[in-house]
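Welcome, and please take a moment with the sequence and the model below. The report that follows walks through charged pairs and then a surface patch.

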Amino acid sequence: MRYTGLLLGSILSVLALAQPALAQEEYLPKQGDVRVGVSGALDMGAGASYLNIDDFKTTSIGVGIDYFLTEAFSVNLGFLWSESDSGDQKEKITAYGFGIGYYFANPSSTSNVVPFLRVNYVGLDLGDLGLGKPSGFAVSGGAHIFIGPNASWDITLSYVSVRASGATRNGFTGGIGLSVWFR
């Protein structure tokens, strides 16, 4: 917990520096662009994490890609694998998703912020948790805050609705991440 302030301060510093005088056309999505990055929990992106506190360990690896069909529309794929170990209990979780995205890019704007909206089909395999293999959808909104023509900080908020064994579960996720753009 003592590093939380340092982490938040670092993120805010980078966001404050994310206002360079870049020309909008340098980072607007274009047909054929590919984005690889972290945006949110079920909005899957590329990344890895490891946590080890006392007797609890968890490891997660995620991979996600957006391919731009036009300047505004993209298709995306994602995969997430996570394993938790708490003493004598081990749980493995996998998630996958695919969907479409819409980017609100205004060519006449001078802002380095590009908002987006995504709709994804998501499927989960919750291992031995006894919850089956729920599937459903996620609706995500957020923004890419460009710090250079090929890199952006991403902020995402998602609504998730999945169904398994006759029961529907709804919830929200949020995320902050980093994307690399291949143009």
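A salt bridge here is a side-chain nitrogen of Lys or Arg within 4 Å of a carboxyl oxygen of Asp or Glu. This is a predicted model, in which local features need pLDDT of at least 70 and side-chain atom pairs count only at pLDDT 80 or more, while totals for chains, interfaces and linings use all residues. Residues are numbered from 1 along each chain as its sequence is written, and side-chain values use heavy atoms, with hydrogens and water left out.

**Charged pairs**

Side chains of opposite charge can pair when their charged atoms come close. By the rule above, the count comes to 6 salt bridges. The table shows some of them.

| Pair | N to O distance |
|---|---|
| Arg183 and Asp33 | 3.0 Å |
| Arg118 and Asp66 | 2.8 Å |
| Glu83 and Lys92 | 3.9 Å |

How exposed are these partners? Residues count as buried under 20% relative accessible area, as exposed over 50%, and as partly exposed in between (1.4 Å probe, protein chains only). Helices (H or I, at least four residues) and strands (E, at least two) are DSSP runs, numbered from the N terminus.

Let us start with the salt bridge of Arg183 and Asp33. Arg183 sits in the segment after β9 (167-182) and Asp33 in the loop between α1 (4-17) and β1 (34-37), so this pair links distant parts of the chain, 150 residues apart. Arg183 is partly exposed at 41%, whereas Asp33 is buried at 5%.

Next comes the salt bridge of Arg118 with Asp66. Because Arg118 lies in strand β6 and Asp66 in strand β3 (residues 56-68), the pair ties together parts 52 residues apart in sequence. Arg118 is buried at 1%, and Asp66 is buried at 0%.

In the remaining row, Glu83 is partly exposed at 21% and Lys92 is exposed at 51%.

**A linked network**

Which residues are linked in a network of salt bridges? They are Arg35, Asp66, Arg118 and Asp154. Asp154 belongs to strand β8 (residues 151-164) and is buried, with 0% relative accessibility. The Asp154 side chain also has polar contacts (pairs of N or O atoms within 3.5 Å; within protein, one must be able to donate a hydrogen and the other to accept it, and residues adjacent in sequence count only if both atoms are side-chain atoms). One joins the side chain of His144 at 2.5 Å, and another joins that of Ser152 at 3.0 Å.

**A residue in a strand**

Phe73 is found in strand β4. Its relative accessibility is 42%, so Phe73 counts as partly exposed.
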